[in-house]
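My entries follow the structure.

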Amino acid sequence: MATWDLSQTKHHVLFCNGSSCNKWGAEDVTQAFRHEISKRNLDDLIHTTRTRCNGRCDDRCVAVVYPSGNWYKGLVSEDASTFVNSLVLNRDLTGKVSHTYTGDGFTREEGISKGISKDLEKVKKVSKQY
Ligand code: FES
């Protein structure tokens, strides 16, 4: 267990380690990115967390960054250096962004599958249970 000081953190990267992403090397991706962050002494600036499935398995390996709100797809270990560069420079990682937060929802990049629509009635029923 750890309780990190996040007062200097500018980017929080959530690496999907769900089963689909893991089959495509998510653990290696996570470790490569963490190694790159540490190598550059950016641990205070960039915080990482492993998650379970983020619900975009077709996009594996997936990562979500906030506060930018960008979702990334198709990440591989070799992206670590350019991905970290993009965070430091506050730029998007070219060709790897799947969704961008606009302040009023997410926009899907061209060529990214829409995915399965959620059954809103089912979601409402489930929501009432909580
Ligand atoms: S396992 Fe990563 S999005 Fe589903």
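**Notebook: peptide bonds and core**

I looked up Pro67 and found its place in the loop between E3 and E4; strands here are DSSP runs of type E with at least two residues, and helices are runs of H or I with at least four, each numbered from the N terminus. The peptide bond that leads from Tyr66 into Pro67 is cis, and its omega is near 15°. I noted that the model is predicted, that local features need pLDDT of at least 70 and side-chain atom pairs pLDDT 80 or more, and that totals for chains, interfaces and linings use all residues. Residue numbers start from 1 along each chain as its sequence is written.

I then found a cis peptide bond between Arg60 and Cys61, with omega about -10°, and placed Cys61 in the loop between strand E2 (46-51) and E3.

Cys61 came up again when I turned to the largest nonpolar core, where it is among the residues with the most contacts, as are Phe15 and Phe33. This core has 21 residues, a core being a set of buried Ala, Val, Leu, Ile, Met, Phe, Trp, Tyr and Cys residues joined through C-beta atoms within 7 Å, and buried meaning 20 or more other C-beta atoms within 10 Å, all C-beta atoms being placed from the backbone. Among the elements that give two or more residues to it are strand E1 (11-16), H2 and H3.

For Phe15, leaving aside neighbours within four places in sequence, I listed contacts including Ala26, Phe33, Arg50 and Ala63, where contact means C-beta atoms, placed from the backbone, within 7 Å.

Definitions and conventions. Buried ≥ 20, exposed ≤ 12 C-beta atoms within 10 Å, placed from the backbone. Contact = placed C-beta atoms within 7 Å.
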